[in-house]
Structures are given as structure tokens and as C-alpha cells.
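Visitor: I am new to reading protein models. Could you walk me through this one?

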Amino acid sequence: MSQLTMKSNDTSEEVKPWVRRLGRFGYMSKGAVYGIVGILALLAALGVGGETTDTSGALQQVATLPFGEVLLWIVGIGLFFYVMWEIVRAIFDPQHKGNDAKGIATRIAYAVSGVIYAGLAVSALQIAMNAGSGGGNSEQTISAMLLGQPFGQWLVGILGAGVIIYGLYNIYTGYKEKFMSKLIINDMSESEKKLARKSGKIGLTARGVVLAMVGFFFIQTAITSNPDQSKGLDGALGEIASQPYGQVLLGLAAAGLVLYAVYEIIRGRYARMNFGKNE
């Protein structure tokens, strides 16, 4: 592959610098989208005009801003870069996940993530070109599509269980600070390390909780065979807001998503992206 180069006197491989730059910009773009979702939800919790929304809804909100279409082009292209990096991770295994069952499952997850964010990137560019409205509730669309297949309820249930497991993994990774191993610590200042640790720990935990709720909604869909039961980030945040002390809980979840965005932006700057185990 033209993107890769082999070192002749050691066993490590390197991603071409321009491919790394694509991935880094992609992480930052992903962080920007979550930051917008979190800020809108935080404004809703404070009662100053925001609303809970999902990632597609956040992009539509960006379109209403001055220079919003320009921002959407930047985010959309950045997300395509992120998709390219997910494909590299899935095919070339730069983080050495391996070919055992766990490694293959992880690499499949990278590929699925690439497909999901490719759809989001397309939505961003469609909105930027005034050619679409972002596609509506993608979770309901996915559920309806799966329910129409043989064993559709099982497929939706498996999807829901997978999202819950991924959410719980986010919580575990955040609590144990496993995410710090993904960063080039030696290149970071003490203040950057501190910010990365705090934003990653709180942000991943908040994202994990929200994702687990999304997975629960998919399982409800599998049980009822009603795709309207499927909800995304907006539905999960709305459910949080409907609980006792919901505005406080929504504010905490929203702040957590903003911190997750901060972590993704830091990750874009300092993520380990070489094929070699050391960088």
C-alpha cells in the first residue's frame, strides 16, 4: 500500500505522515461534533434556549450559525478523514489488536464505526450544500431496516446488546484511565496530561452512560418490534431530563459530553498512530 512504509532494520511499521494527519484531524472533528451536542444539551439544562439533540441534529444547528456552511464543510471533511483512519485501524491493525477473537471483534468495531461516521460526514456535507436535512432519526431507520430482515428482532437485540457493552467499556476505560495509554505522554506538558486525564475520565464515563441507554432503547425495539422505540443521543438525553432532578442530571451528562469532546481534540494531537508498539 502506498500509505505504508516498512523499516528495513526493525519490526515496526509506520503510517505515512499524511495518513496520520488525516486521522488526527478526524479525531478533532469527531470531538467538535460531540462538543456541539454537549453544549446544546447544557444550554437546555440551564433553560437558556438549547435543546437535546443527536449528532445529526447538532450539524443542523451548526448550519444556522454565521459561516455555518463553511464549518460544516470542515467538519464533514474531517469526519471523512476519521473514517479513513478507522479503515486503516480495521485493516492494518496499527494498535496490534491481533487476529484472535477479541482482536477481530475490535477491528470489526472500527469498521462499523467508520460506516457510522461516514454517514454522519455525508449528512454534514449534504446540509452544507443545502441538499438534505441530515437524515432524521438514524436509529429508527436502522431499526426499521433490521426488523425487515429474517430474524430481525434478534438482529436489533444483538445490536442493542453490543451498544450496551460498548457503553460499559467506555465507562470502564474512563474509570481505569486506560485511555491514557493511547496518548504519547512524553510529548505532553503536565497541564495537558492533567486535562487529558480529567476530560477523558469524565467524558468517557458520560458517553458510556448515554450509549448504554441507546442500547437499551434498541433492546426495547427488539421486544416490541416498533422502530419508534429506538432513540439516539437525543432520546437518551431527553430520558435523562425526564427523571427526578432531570435538569441537574442532564447538565452533568452534557458537561461530560463536552469533556469527551475535549479529550477527542487532545487525542487528535497526541494519539499513538504508528504501527510499531512504541512511538
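**Reading one residue, then the chain**

Guide: Gladly! In this predicted model, Ile 77 is partly exposed, with a relative accessible area of 35%.

Visitor: Why is Ile 77 called partly exposed?

Guide: Buried means under 20% relative accessible area and exposed means over 50%, with partly exposed in between. Ile 77 has 35%, so it counts as partly exposed.

Visitor: Where is Ile 77 found?

Guide: Ile 77 sits in helix α3, which spans residues 68-92.

Visitor: Which residues form a nonpolar patch on the surface?

Guide: A residue needs over 30% relative accessible area to join a patch. Here the members are Phe 25, Leu 65, Phe 67, Val 70, Leu 71, Trp 73, Ile 74, Ile 77 and Met 129, and together they have about 860 Å² of accessible area. Helix α3 gives the most to this patch, with five residues.

Visitor: What does the UniProt annotation "transmembrane region" cover?

Guide: That annotation comes from an unreviewed UniProt entry, and the residues it covers include 70-88 and 244-263. In the model, residues 70-88 are 100% helix and 0% strand, with end C-alpha atoms 27 Å apart. Residues 244-263 are 90% helix and 0% strand, and their end C-alpha atoms lie 29 Å apart.

Visitor: How many helices and strands are there in the chain?

Guide: The chain has nine helices and two strands. Reading from the N terminus, the order is β-β-α-α-α-α-α-α-α-α-α.

Visitor: What share of the residues is buried?

Guide: Of the 279 residues in the chain, 43% are buried. The accessible surface of the chain comes to about 14200 Å², and 64% of that belongs to carbon and sulfur atoms.

Key
Residues numbered from 1 in each chain as written. Predicted model: local features only at pLDDT ≥ 70, side-chain atom pairs only at ≥ 80, totals over all residues. Heavy atoms only, no water. Patch = residues over 30% accessible without salt bridge, like charges linked within 9 Å, V, L, I, M, F, W, Y side chains within 5 Å. Areas by Shrake-Rupley, 256 points an atom, 1.4 Å probe, with all protein chains shown as cover. Salt bridge = Lys/Arg side-chain N within 4 Å of Asp/Glu carboxyl O. Helix = DSSP H or I, 4+ residues; strand = E, 2+ residues; numbered from the N terminus. Buried < 20%, exposed > 50% of the residue type's maximum accessible area, 1.4 Å probe, protein only. UniProt positions renumbered as here; feature names shortened; annotations may be inferred.
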